[in-house]
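I open this notebook to record what I looked up in the structure shown below. The entries follow the order in which I consulted it.

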Amino acid sequence: MKKETICVQAGWQPKKGEPRVLPIYQSTTFKYETSDQMGELFDLKESGYFYTRLQNPTNDYVAAKICELEGGAAAMLTSSGQAANYYAVFNICEAGSHVVLSSTVYGGTFNLLTVTMKKMGIECTVVNPDAPTEELDAAFQENTRCVLAETLANPALVVLDIEKFAELAHRHGVPLIVDNTFATPINCNPFQWGADIVTHSTTKYMDGHAMTVGGAIVDSGNFDWTKYPDKYAGLCKPDESYHGVVYTEKFQKAAYITKATVQLMRDLGSIQSPQNAFLLNVGLETLPLRMERHCANAQKAAEYLETHSKVAWVNYPGLQGNKYHALAEKYMPNGSCGVISFGLKGGRKAAGEMMDKFKLAAIVTHVADARTCVLHPASHTHRQMTDEQLLAAGVAPDLIRFSVGLEHIEDIIADLDQALSCI
Ligand SMILES: *Cc1c(COP(=O)(O)O)cnc(C)c1O
């Protein structure tokens, strides 16, 4: 089936007399008839629901839809995008492990890896994704367990050369994990280019209406953990907390997601609420339509800004002159995303002033939903930093992040136009 059809039809498949729309299984627990039936679940001998902290049917139907959209083997939902990236890495790392991390990843992911997971004894080496191969090769160590990068970096809009990164990771015997949040499975399927695991903050375009925080992890099932049984002992050796089950033997291509569910969800509990999964599913139904419009609007807004006399620079991969235009054409031929960034000739001060002039675009920290929104990191999220510190963090002092929504493009451009005329 094509993606438009998957978005509407995949996941929940009602049988005779069942609700047409995915039901919200608003229940913490599930009933069994014999003691043995329940016992088998705890030995992982039978699959079935017993407690929503581990699994819930509403969540699983939505995860199944996302899995199909990415062309994966197994998937799970998490309570946030942060939890998705944390679980994706922690499922194959422990104290003493090492991760190769792209320098352009979302700030939350950067902090997760370089501050919080560091305290757990997991080290990481940060690499510039555009660095030459020898430099990237040098980042790997004997204890490296995975590479983590973003298809389309938030907010720098750096496009990852996924094929090159997959080849690099595999040459060093580790999987490539790609956060595909900004591109969405509509515009890019990283598995087609060799990525092994995909993560999402479903909070962004997948929900698309800024209603719910959520995340997802999808496994392609392609990485052969059994080639490195000592490195991935958690997947390839008996798990004593489940009477010695070996995930790769018992669950094959679902080994990684099963382990993340029955160990990490069981012990850490970052489950998505079924209510939120229901809303996410409604968002997914229109994702292809929305992405098409977000991209078309962003392209026009970027082209408008590029010709404006007060604008110093515009960053959007859809622009001909953009550094990542060729990579975007290769990996996202139908469009990248609705987020653009630009700077003003008047610099940091003018950018700060422009914020108060917008009438349609709202100042919010969120991105990637139906309503056009705007943020000036130097005045907001990064306000304590000097120009020098901002540049070191990869955020230009004059950078305005503009998330183009689904309003009519003429109204969006009119808002940009009137705000620019005021400064
Ligand atoms: C927002 C975001 C996250 C974090 O997701 P939350 O749902 O906010 O926890 C992770 N990665 C990327 C690329 C994001 O844009």
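**Entry 1: Packing around α13**

I began with helix α13, whose buried residues pack against α1 (3-9), α8 (184-187), α12 (274-285), β8 (311-315), β9 (339-344) and α17 (409-421). I note at once that the model is a predicted one.

I then looked up which residues of α13 are buried: L287, P288, R290, M291, H294, C295, N297, A298, A301, A302, Y304 and L305. I took buried to mean under 20% relative accessible area.

I also checked the extent of α13, which covers residues 287-306 and therefore has 20 residues; from its first C-alpha to its last the helix reaches 28 Å, close to the 28 Å expected at 1.5 Å a residue.

**Entry 2: The chain as a whole**

I next turned to the secondary structure of the chain, and found 17 helices and 12 strands. The radius of gyration is 22 Å, close to the 22 Å that the globule rule gives for 423 residues, so the chain is as compact as a globular protein of that length. I recorded the span of the C-alpha trace along its principal axes as about 75 × 55 × 40 Å.

Among contacts with a separation of 6 or more, I found that 72% join residues 24 or more positions apart.

**Entry 3: Burial, surface and charge**

I looked up burial for the chain: 53% of its 423 residues count as buried. The chain exposes about 18000 Å², and carbon and sulfur atoms supply 52% of that area.

Lastly, I consulted the charges. The chain has 36 positive and 47 negative charges, and their mean positions are 3 Å apart.

Definitions and conventions
Residues numbered from 1 in each chain as written. Predicted model: local features only at pLDDT ≥ 70, side-chain atom pairs only at ≥ 80, totals over all residues. Heavy atoms only, no water. Helix = DSSP H or I, 4+ residues; strand = E, 2+ residues; numbered from the N terminus. Rg over C-alpha atoms; globule rule 2.2 N^0.38 Å. Buried < 20%, exposed > 50% of the residue type's maximum accessible area, 1.4 Å probe, protein only. Contact = heavy atoms within 4.5 Å. Areas by Shrake-Rupley, 256 points an atom, 1.4 Å probe, with all protein chains shown as cover. Lys, Arg positive; Asp, Glu negative; His and termini not counted. Charge placed at Lys NZ, Arg CZ, Asp CG, Glu CD.
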